[in-house]
Amino acid sequence: MSRWQVENIGVDIGAHAIALRRGAQRTTLKALGGDWAAMKAELAQLLPARARLSVRVADCWSRTFLLEPPAGISGLRDCRLLLAARFETLYGKAPADWLLQADWQADAPMLACAIPRGLRQALAGFSLARVLPALLQDWNRHCAALPADGVWCAAADGVVNLLLWHKARLQLVRQQPGQDVDGLLALELARLGLVLPAARFWSGPAMPAGWTQLEAAA
């Protein structure tokens, strides 16, 4: 590769391990998930000068949720305040310690996510193509091909993510520890007044009967 050519490299931040993806080659770092300073130092040693990183963050480190702007909210500043308030309500954590992002649109529910600010700061010195939770990368990959009504469960590393949509509109995004998918789904369907969709999709191990596997994004 030319010294002037940008090399696209994937960084998979898992619950415990962190790995680099360079084509078919995969290299596991000595640094562990959560030790962002050690990760930064090791990446600085391993990466070529013109590397551009696509970072996939395990859902155990990130937070993903649905933001529904009330009527009359349209300005970006108001949306950011609403985003911070919603995050704090859901997770009981100070928004200042997290980098909050959302797919801004005032007329529909927004997918929002939060990544630890310490992780994001550790990546600040590198060229970044994207830094996204695994859940959002997989949703972006598959959502255009999904039916108008459905439910998707992504279960990994002790975290259950549940997304439910009706008439091509997201109705629910829930993220919680544990594996009680049936209980969580029954509770949310009752709250929303909806029936269990025929289209049920699953990411992760131990897929129950009656669900269809969705592959994770590369």
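A pocket is an open set of grid points with protein on both sides within 12 Å along at least five of seven lines, and its lining residues have an atom within 4 Å of a point. In this predicted model, the second largest pocket is lined by 22 residues.

- The space in the second largest pocket amounts to about 370 Å³.
- Nearest the centre of this pocket lie Arg56, Ala134, Ala156, Asp157 and Ala216.
- Two or more lining residues come from each of strand E1 (7–13), strand E2 (17–22), strand E3 (25–32), H4 and strand E9 (150–156).

- Asp138 belongs to helix H4, which spans residues 134–142.
- Asp138 counts as buried because its relative accessibility is 4%, and buried means under 20%.
- A polar contact of 3.1 Å joins the side chain of Asp138 to the side chain of Arg56.
- Arg56 is also among the residues nearest the centre of the second largest pocket.

**The three-stranded sheet**
- Three strands form an open sheet in the order E5-E7-E6, with antiparallel pairing.
- Strand E5 (63–67) and strand E6 (98–102) each have a single partner strand, so one side of each lacks a neighbour in the sheet.
- On average, neighbouring strands of this sheet are turned by 25° against each other, direction ignored.
- Five bridges connect E5 with strand E7 (residues 110–116) in the antiparallel sense.
- Phe65 has Ala112 in E7 as its bridge partner.
- Helix H2 (residues 76–91) lies across E5, E6 and E7 and runs at about 120° to E5.

Methods: Residues numbered from 1 in each chain as written. Predicted model: local features only at pLDDT ≥ 70, side-chain atom pairs only at ≥ 80, totals over all residues. Heavy atoms only, no water. Helix = DSSP H or I, 4+ residues; strand = E, 2+ residues; numbered from the N terminus. Buried < 20%, exposed > 50% of the residue type's maximum accessible area, 1.4 Å probe, protein only. Polar contact = N/O pair within 3.5 Å; in protein donor to acceptor, adjacent residues only side chain to side chain. Pairing = 2+ DSSP bridges. Axes fitted to C-alpha atoms, helices over the stretch in contact; angles between N-to-C directions. Contact = heavy atoms within 4.5 Å. 1 Å grid on protein atoms, 1.4 Å probe; cavity = no way out; pocket = protein on both sides within 12 Å on 5 of 7 lines; lining within 4 Å. Points joined across faces, edges and corners; volume = space filled by probe spheres on them.
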